[in-house]
Amino acid sequence: MSRRHLMAIILLLPLLLSSPTLADLASPVEAQPYGGTLKVALPSEPNTFNWFSAGSTWSINVLIPVYNRLFRWKNGTLMPELVKDWSVSDDGLTYTFTIHNNVTFQDGKQLTAEDVVFTINVEAQNDWPYYHGYFAKVDRAEVVDQFTFKIYMKEVDAGFLANALAVMNVLPKHIWEPLLNEKGEELAVYNPKLPDEVIGSGPFKLVEYVPGQYVKYTAYENYWQGRPYIDELIVTFITEATTAILAVKKGDIDLYEGWITPEVVPSLITTEGVGIHLYQSATFYHWGFNNLRWPFNITDFRRAMAYCVDKNEIVNTLLAGYGMPGSWGVVPPFGIHAYWYNPNVEGKYSFNLTKAGEILDSLGFVDVDGDGWREAPDGSDFSFEIYPPNYDIIRVRAAQMISDWLSKIPNGGIKAEVRVLEWKSVWPLIRDGKVDSYLLGSGPGADPTWLYRRFHSRPGGTGNWARYSNPEVDQLTEQIGKVLDKEQRREIAWRIQEILADEVPIIVLYYRKFPQPYRADKFDGWFKAVDDGLYNFWTFRYVHLKVETTQPTEPTQPTQPTEPTQPTPPPEEPEMGTNLQFMAALVVIVILIVIIVVLLVKKR
């Protein structure tokens with residue numbers, strides 16, 4: 001069998017194994033009632049409604065109900081969404097996709113290959129979009145016909161489907177192309193007019209935004225997969241977690257998509273009508289350094305900081321055990337990331353203030369005047385700042401703990417001033433490299449090629465907020481997308497983690513296990529992912545009023561359906577792999593083995 005055949009099989013394998021299983025294609029259950037308003041609270045409002053530049057969690061979240069994607073992750077499985085059929089060339093450089101032909105935008109215009117190609121080319125050909133790093137290896141996308149398009153790669157990217165196409169919202173060309181032509185690169189800072197310029201093909205249409213208060217959506221009656229059950233979705237902004245928790249208890253909101261401290265969980269559990277969804281997040285919550293700013297541009301200074309952090313204390317005290325210490329190599333040690341995780345980097349640093357002091361001494365940071373604080377090597381006063389967002393009390397407290405540990409370094413502490421700001425204020429400072437250090441939560445991609453986006457020093461490197469630069473890491477993060485052998489890719493991922501652990505561009509403090517409160521007495525159909533909160537695309541499609549309290553109404557049917565008009569509600573606790581999923585995957589594997597054997601026989 002040729003290398004080209006092998007490459008094609010390997011590139012297609014993740015898609016084949018993650019295609020809809022027998023369980024996904026089962027007949028829909030009896031229709032659920034239509035109606036009701038789902039009220040969700042976020043701890044911060046969005047910085048922008050421009051998906052191309054939306055980098056904060058809250059800007060991305062408010063757009064989830066509005067747009068469709070080509071593929072979407074569902075409980076650890078990559079599922080086709082807009083895509084109907086797809087193939088990849090033998091050399092792995094050309095992808096061909098066919099999309100469903102019954103999809104319309106919320107302004108009534110049909111979604112076609114033109115819209116998909118436009119969105120991909122904006123991402124690939126400009127360095128200002130937030131997700132450009134995932135599309136950097138795309139040469140171009142081209143329309144074949146109304147519902148077919150091709151993507152031509154500059155080089156093989158083994159993680160392209162899993163990372164890039166699974167996060168890309170498809171935007172309408174007829175709205176965004178004129179804006180791009182008018183504004184050019186200034187589109188990066190453009191906030192679209194609401195609601196007319198935020199039009200998608202998703203299950204909900206954005207109809208109103210009141211700054212500081214809420215975003216309102218209504219069900220898109222002609223949604224191609226069947227209109228959602230609820231009539232209206234209202235996303236409010238509650239910056240104080242205690243206020244949000246009280247609102248859940250009183251029934252004023254149905255879900256809080258924010259951070260709660262573990263000590264409030266018992267009171268929530270004992271509140272009638274309130275449920276708790278517990279999930280392990282792969283988001284790496286880290287103390288990030290601006291590696292271009294002195295003294296964080298000094299590797300030994302960052303190593304000294306590593307000895308000043310007691311990760312176990314943060315997990316045990318602040319999280320009350322709801323989480324685990326962060327890896328020095330950044331990659332999470334669980335879930336879909338476990339295979340790529342390098343356990344050898346653990347123990348690289350321990351909490352050792354004496355060791356930190358010795359390193360600082362060697363760098364010339366010493367207490368010259370005997371006031372208990374170390375001065376800079378030139379004798380001047382020295383301090384730096386840590387910026388946590390105000391909506392996450394855990395990060396605020398973690399920043400305060402770090403500041404306290406730094407103050408206790410033997411023979412003179414380091415002054416670290418904790419600056420607590422609203423997210424709308426702190427995010428532009430982090431994004432534009434105007435802060436010394438910060439506490440940020442960042443999500444890893446499904447494939448280890450996400451390390452390229454986070455740590456490659458490319459110009460305009462969105463995602464590399466630490467401004468980290470290392471030639472070997474640049475080379476390795478480029479290589480990991482080109483290599484197809486899984487074992488070789490893991491070796492590369494392990495080496496990247498070794499370098500990150502050694503040079504400490506960021507310090508991952510913890511991975512959180514989240515208890516999330518929601519109202520279980522009013523709505524059913526919450527999609528309880530094992531690795532995500534209840535605020536997700538699948539919840540918005542499935543959630544419905546409880547049958548025993550509401551009479552169903554007649555929905556408006558979507559036009560030209562090719563799928564069942566009623567979405568299939570998920571089981572109460574969906575599992576990573578059912579027997580049907582296993583059987584389907586096994587069939588695919590057997591087919592691939594037969595193909596390989598046939599090719600080998602032909603070659604002989």
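**Inside the model**

Mentor: This is a predicted model. Its largest nonpolar core has 167 residues, and those touching the most other members are Leu 70, Phe 135, Ile 151, Trp 287, Met 305 and Phe 384.
Trainee: Which strand gives the largest share of this core?
Mentor: That's strand β18, residues 506–519, with 8 residues in the core.
Trainee: And what does Met 305 touch, leaving out residues up to four places away in sequence?
Mentor: Its partners are Trp 287, Phe 289, Phe 296, Leu 360, Phe 384, Leu 406 and Ile 507. Apart from this core there is another one, of 14 residues, including Ile 238, Ala 241, Ala 244 and Tyr 256.
Trainee: Okay, new topic: helix α13. Which residues are buried there?
Mentor: Trp 423, Val 426, Trp 427 and Ile 430 are buried in α13, which covers residues 423–431.
Trainee: How do the buried residues fall when seen down the axis of α13?
Mentor: They stay within an arc of 105 degrees, so they line one face of the helix. As a general point, an α-helix has 3.6 residues a turn, so residues three or four places apart point the same way.
Trainee: What do the buried residues of α13 pack against?
Mentor: Three elements: α2 (57–61), β15 (383–387) and β17 (437–442).
Trainee: And which residue with a positive phi follows α13?
Mentor: Gly 433, with phi near 70 degrees.
Trainee: Let's jump to Ser 457. Where is its place?
Mentor: Ser 457 sits in the loop between α14 (450–455) and α15 (471–482).
Trainee: Is Ser 457 buried, exposed or partly exposed?
Mentor: Partly exposed: its relative accessible area is 27%, and buried would need under 20%.
Trainee: What is Ser 457 in contact with, leaving aside neighbours within four places in sequence?
Mentor: Ser 457 contacts Asn 464, Tyr 468, Ser 469 and Asp 474. With Asp 474 there is a side-chain to side-chain polar contact of 2.5 Å. Also, the C-alpha atoms of Ser 457 and Val 473 are 8.7 Å from each other, with the two residues 16 apart along the chain.
Trainee: Last one: in which sense do β2 and β3 pair?
Mentor: Antiparallel, over 4 bridges, with β2 at residues 71–74 and β3 at residues 77–80. Arg 72 stands opposite Met 79 in β3.
Trainee: How many residues lie between β2 and β3 in the hairpin?
Mentor: There are 2, and Asn 75 in the turn has a positive phi of about 55 degrees.
Trainee: Thanks, that helps!

How values were computed:
Residues are numbered from 1 along each chain as its sequence is written. This is a predicted model: local features need pLDDT of at least 70, side-chain atom pairs count only at pLDDT 80 or more; totals for chains, interfaces and linings use all residues. Side-chain values use heavy atoms; hydrogens and water are left out. A nonpolar core is a set of buried Ala, Val, Leu, Ile, Met, Phe, Trp, Tyr and Cys residues joined through side-chain atoms within 4.5 Å. Buried means under 20% relative accessible area, exposed over 50%, partly exposed in between (1.4 Å probe, protein chains only). Contact means heavy atoms within 4.5 Å. A polar contact is a pair of N or O atoms within 3.5 Å; within protein, one must be able to donate a hydrogen and the other to accept it, and residues adjacent in sequence count only if both atoms are side-chain atoms. The arc is that of the directions from the helix axis to the C-beta atoms. Two strands pair if DSSP finds at least two bridges between them.
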